[in-house]
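Colleague: Could you take me through one part of this model in detail? I would like to start with a single residue and then see what surrounds it.

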Amino acid sequence: MMDSHASMTNLPDSAEGQAHTPHAEEEHAHPDWSIYWKVALILTLITVGEVWAFYVPSFAASRGFVPTLLFLSGLKFTIVVMFYMHLKYDHRLFRVLFTGPLLVASITLIGLLFLFGHLHIKIM
Amino acid sequence: MSASATHTSAPASHHYTTLGLDSRKVAIWAFIGSECMLFVSLISTYLIYKGRSIVGPFPHETWTDPATGHVFKPILNIPVTSASTFVLLMSSLFMVLALAAVQNKEKPKHTRGERVLGNSKLWLWMTASAGATFLGFQAFEFTSFVHEGLSIRTNLFGSSFFTLTGFHGAHVTAGVIWLVTLLAIDYRRGLGSKDSLLVDIAALYWHFVDVIWIVIFTLVYLIK
C-alpha cells in the first residue's frame, strides 16, 4: 500500500501524511518501459524525417520546409517534456512553473525577431 | 502510519510545501523555467545575427575569400550532428529507465528482462556514457571548425554559434558529472526507492538539456 502510494506521488514514505492533500493526488503513476521505448522510436523517426527533409532539395527550397521543421521540432520537444519529464503525469504546479517561463521566453523571442529581424546590417 | 513514526523516519533534509510536494522538485522546475529564459536569449541572439556575417565560413553556403581566393565549404556537418542528436535522444531513454529502475528497486524481479530493466547502475552508466559521447562529438565538431577557419572571433556566425552550443555543452558536462556522482552513490551504498527523488531531479535536468538540443538542432543546423 505504502509502496504503491509512494510511486504514485513520487514522494518518500515519510511524506505520506503530507501527500494526502487533494493537490498531491493530482499526480499519477509514471509510464513504464512499454511506453518509453515507443516514445524513443517516435523521437528517432521524427529526427530521421527532419534530416531526410533537409536532404531533399525540392522540399528544402519550398515554403513548407521551415514550418514543417518547426512543427516537428515542437512535437519532439512536447513529447520529451510530457512523457520523459513526466509533466503529463505530475502535479499541475510543475506545468505552471515550466510553461509560464517558456511562454514569456517565446514571446520575448518573437518580439526580438520582430524588432531586429528586419534590419539588414552586415557586421564582422 | 502514526504522526510520531512519520516524524522519526523523516530525514531532516526533506522539506515539503503546503501542496505536499517536495520543495527540491519545485526548485528544479523553477530552475528549468529560468534556464528556458537563458537559452531563448542565446537562441534569439543567434537568429537575429543569422545571415549578417560579411566574412565566412558560413553555415550552409560556400564562401570564397576575396583576399586569398581560398574557397570555404559550408561549415556545418549534418551527418555528424544527426548522429550526436540520436545519441542524446537515446540518453533520455536510458535516463527514464534509470529512474524507473530506482523507483522499482524493492519490487521482486523474476525474469532476466526484469533484472536488466531494474539495473539502475547499467542505465545510469549508459546515460553518462551517451552524454560523454555527445560531448566527444561536440569536441570533434569544434576542433574541425577551428581547423577549417571558423573560431569564436571569425564572424558573427562563429560568435553566436560557439556561444550557444558552448553553453549547451557546458550544461551537458554538468549533467554528466551529476550522473557520475549518482552512479558513485549507487555503487557505494545502492540507490533505493527512497532515493528516487534524487534521481528524478537529475533526470529532469538531463531531459531539459535534451529538449534544448532538439530546438538547437532544428534552428541552427537544419533551417538554412
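Modeller: B:Tyr46 counts as buried, because its relative accessibility is 2% (buried means under 20% relative accessible area, exposed over 50%, partly exposed in between, with a 1.4 Å probe and protein chains only). This is a predicted model, in which local features need pLDDT of at least 70 and side-chain atom pairs count only at pLDDT 80 or more, while totals for chains, interfaces and linings use all residues. Residues are numbered from 1 along each chain as its sequence is written, chains are lettered from A and ligands numbered from 1 in the order in which they are written, and side-chain values use heavy atoms, with hydrogens and water left out.

B:Tyr46 sits in helix H2 of chain B; helices here are DSSP runs of H or I with at least four residues, numbered from the N terminus. Beyond its neighbours within four places in sequence, B:Tyr46 is in contact with B:Phe157, B:Ser160, B:Phe161, B:Leu164, B:Leu219 and B:Val220, where contact means heavy atoms within 4.5 Å. From B:Tyr46 to B:Phe162 the C-alpha distance is 9.8 Å, although 116 residues separate the two in sequence.

Now to B:Asn155, which is found in the loop between helix H5 (120-147) and H6 of chain B. B:Asn155 is also buried, at 0% relative accessibility. Its side chain makes polar contacts (N or O atoms within 3.5 Å; within protein, one must be able to donate a hydrogen and the other to accept it, and residues adjacent in sequence count only if both atoms are side-chain atoms). The side chain of B:Asn155 reaches the backbone oxygen of B:Val55 at 2.7 Å, and a polar atom of that side chain lies 2.7 Å from the backbone nitrogen of B:Gly158.

Let us turn to the partner chain. In all, 66 residues of chain B are in contact with 59 residues of chain A. Between these chains there is one salt bridge, a side-chain nitrogen of Lys or Arg within 4 Å of a carboxyl oxygen of Asp or Glu. It joins the side chains of B:Lys25 and A:Asp90, at 2.9 Å from N to O. On the side of chain B that touches chain A, helices H1 (3-9), H2 (23-49), H3 (78-103), H6 (156-188) and H7 (196-222) of chain B each supply at least two residues. H7(B) gives the most, with 15 residues.
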